[in-house]
Amino acid sequence: MIAFCFWLAFALRLNVPFAPWLLSNLYLLFWAVGLGLPILLFSGWYSGLTRYSGSHSLYGFLPRSGLLVLLLLLVSTLSGNPTPPFRGFWILFWFLLSATAIGSRILLRDLLRFFLSHRHHGDPAEIALSVQKSERRIPTLVYGAGKAAHLLLTELRYHRRFRIIAVIDDNPALWGRKIEGLSIFPVQDCPGLIDAHGIQKVLLAIPSSPRARRRQLVEQMSALGLSVLSIPSLARIASGQQSVSDLRPVVIEDLLGRDPTVPDPQLLAAAVSGKVVLITGAGGSIGSELSRQILHCRAKRLVLLERNEYALYRLEQELIAAASGLTDPALVLRPVLGDVRDQRRLEALCREHGVQVLFHAAAYKHVPLVENNLCAGVANNVLGTRAALEAAIACSIERFILISTDKAVRPTNAMGASKRVCELLVQDAAVNLLGGPGPVVSMVRFGNVLGSSGSVVPRFRAQVAAGGPITVTHPEMTRYFMTIPEAVQLVLQAAGLAKGGEVFVLDMGDPVRILDLAHQMILLSGSSVRDASHPDGEIAISFTGLRPGEKLYEELLISASDEPTAHPLIRRARESRVPSQRLETLMAKLNYALAAWDDRAVFDVLSKIVIEYQPAAQADNPLPHPAETAQP
């Protein structure tokens with residue numbers, strides 16, 4: 001190729017195939033080959049895999065050929081022999097050599113990819129199976145014509161699973177153009193493409209689009225009977241965690257809630273980096289995610305308190321495996337089986353390990369269960385919080401953070417009322433500790449988290465898998481949703497902002513109607529909704545009525561006054577508190593009622609502590625309204 005380009009440069013420059021100048025400069029041809037091959041060899045040109053050659057590696061030939069031309073020019077100048085009398089020869093030789101070398105590599109790369117993707121081992125049965133599989137390739141559309149789509153189409157070019165028919169995009173400027181040889185169509189042409197080619201799937205190549213837009217697209221594509229797959233985020237692709245072709249079905253967690261934000265690394269680690277941290281309820285949804293994130297925030301020691309043996313064992317094994325992958329696995333793990341209501345045990349743990357920060361996540365949270373097991377729920381939630389708080393004060397730790405819930409706001413159920421009592425205890429402790437020694441105590445309140453144990457999403461998923469029906473309590477019920485990792489990120493950042501006594505409220509985005517959630521989950525499963533308008537649908541939705549203590553709408557603020565913090569998604573609420581003396585008197589009565597395991601007495605005291613507590617009227621509710629049991 002070097003020799004050919006050397007001759008061609010002379011022929012093109014002089015417009016004759018052979019000229020005296022070529023013969024007089026023939027020695028340069030030997031120098032070109034003698035210098036060119038070692039340059040390419042020792043510069044690593046031959047070390048690359050041709051079938052994986054990309055633009056970066058191919059363009060690497062340009063400086064190599066440029067170096068060869070410079071060395072030939074130097075040889076020609078120093079030799080004293082006749083030199084080509086035209087400067088254009090050198091530029092033409094460099095251009096021809098670069099173009100032919102790069103072009104040949106591209107041709108060989110594509111041929112290798114083609115033959116490797118269709119390689120057989122000579123077994124007729126295997127060849128027949130391969131052909132059969134090729135015929136069964138799924139007709140597929142790609143949504144999006146950006147960078148992610150280009151990467152995806154490049155990887156799927158020889159993929160036997162999908163037969164990419166076309167690309168669709170909502171940008172009119174792209175309609176009628178092509179990407180990787182595929183035409184780009186408007187979204188409106190989807191029905192025609194489906195009819196013409198039997199399209200079965202659509203691949204969403206828009207990893208950075210807002211959740212609201214993805215939710216709209218998934219609903220639109222699912223309504224056309226298409227199964228929707230999504231590629232990973234560009235961040236995960238760039239970090240090497242996943243490949244662009246690691247396609248997976250879109251799940252409801254991808255579509256609900258607000259678009260996640262990038263946490264502030266300094267604020268994220270402010271409360272826990274280099275600290276000894278104790279987490280109560282460590283085996284639960286929030287507690288376990290707190291453990292994972294605090295591990296990566298480089299805590300000094302992590303004490304995990306949990307009374308469920310299996311949950312604690314599973315979390316410990318996961319954290320050990322995660323810690324081994326860190327560059328500096330200096331964290332010490334201490335799993336502890338125990339009950340959060342045992343204050344003496346908590347104090348011993350705090351002193352033994354020098355605990356500096358305590359996250360109190362242990363609680364019973366399932367509304368119907370606590371409603372039907374009032375004493376057990378209140379004892380665990382209220383007495384557990386008081387024991388953890390008293391232990392933190394007695395041991396003079398630095399920070400105490402209570403994980404609360406939106407159900408504590410104007411509660412209509414015992415679980416929410418018990419969590420409101422927990423908030424009042426923390427507020428009271430913050431006032432009593434103000435200006436004196438003791439921990440900075442605060443609380444963080446947020447709504448539902450996706451994927452937590454017993455939440456609506458896993459229940460709906462199981463009902464869809466069983467063929468339905470999906471049970472929804474009320475057609476107008478709405479809830480806030482947030483992913484567990486994002487909720488915990490905001491909890492850690494709120495802990496870093498705490499000065500004492502704050503009720504931090506997380507921005508949960510827009511509320512989601514549970515009926516809409518059920519519809520989306522059915523469509524995402526590839527099924528159709530069966531209702532009066534579509535009697536031939538596959539999965540029905542049935543309404544069961546509100547359960548004891550349930551509200552149609554959840555709230556995050558008791559009073560209308562709140563104020564911003566240094567973080568745009570964390571606000572500080574201003575709420576009233578119960579005077580210390582009255583709270584202490586009522587807590588003594590609550591302890592007495594719990595010691596007697598008297599549901600009615602517990603209910604009565606709970607209603608006096610939380611004046612906003614208004615139990616939802618239920619015919620089968622065995623407990624009376626507070627007005628019926630109030631004592632003068």
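## Ground rules

Local features here need pLDDT of at least 70, side-chain atom pairs count only at pLDDT 80 or more, and totals for chains, interfaces and linings use all residues of this predicted model. Residues are numbered from 1 along each chain as its sequence is written, and side-chain values use heavy atoms, with hydrogens and water left out.

## The chain as a whole

Let's start with the overall picture. The protein chain has 24 helices and 23 strands; helices (H or I, at least four residues) and strands (E, at least two) are DSSP runs, numbered from the N terminus. Of its 632 residues, 49% count as buried. Buried means under 20% relative accessible area, exposed means over 50%, and partly exposed is in between (1.4 Å probe, protein chains only).

Among contacts (heavy atoms within 4.5 Å) between residues at least 6 apart in sequence, 75% join residues at least 24 apart. The chain exposes about 30200 Å², and carbon and sulfur atoms supply 58% of that area. Accessible areas come from the Shrake-Rupley method with a 1.4 Å probe; for residues, only the protein chains shown count as cover.

Not counting residues up to four places away in sequence, Leu 141 touches Ile 165, Ala 166, Ile 168, Cys 190, Leu 193, Ile 199, Lys 201, Val 202 and Leu 203.

## Aromatic pairs

The structure holds three aromatic pairs. Rings of Phe, Tyr and Trp (its six-membered ring) pair if their centres lie within 6.5 Å; planes under 30 degrees apart count as stacked, over 60 as edge-to-face and the rest as tilted. One of the pairs is Phe 4 with Trp 7, a tilted arrangement at 6.0 Å centre to centre and 40 degrees between the planes. These two residues are three apart in helix α1 (residues 2–14), so about one helical turn separates them. Phe 4 is partly exposed at 45%, and Trp 7 is partly exposed at 29%.

Phe 603 and Tyr 613 make an edge-to-face pair, because their ring centres are 5.8 Å apart and their planes lie at 65 degrees. Phe 603 sits in helix α23 (residues 599–609) and Tyr 613 in the loop between α23 and α24 (626–629), so the pair ties together parts that are 10 residues apart in sequence. Phe 603 is buried at 1% relative accessible area, and Tyr 613 is buried at 3%.

## Salt bridges

There are 18 salt bridges in the structure, each a side-chain nitrogen of Lys or Arg within 4 Å of a carboxyl oxygen of Asp or Glu. In one of them, Arg 420 meets Glu 423 with the closest N and O atoms 2.8 Å apart. Arg 420 is buried at 1%, and Glu 423 is buried at 0%. Both belong to a network of salt bridges that links Arg 420, Glu 423, Arg 445 and Glu 575.

Glu 563 and Arg 574 form another salt bridge, at 3.0 Å from N to O. Glu 563 is partly exposed at 21%, while Arg 574 is exposed at 52%.

## A nonpolar surface patch

Val 33, Leu 37, Leu 41, Phe 42 and Tyr 46 form a nonpolar surface patch with about 530 Å² of accessible area together. Patches are made of residues with over 30% relative accessible area and no salt bridge: like charges are joined within 9 Å, nonpolar side chains (Val, Leu, Ile, Met, Phe, Trp, Tyr) within 5 Å. Phe 42 lies in helix α3 (residues 26–42) and is exposed at 71%.
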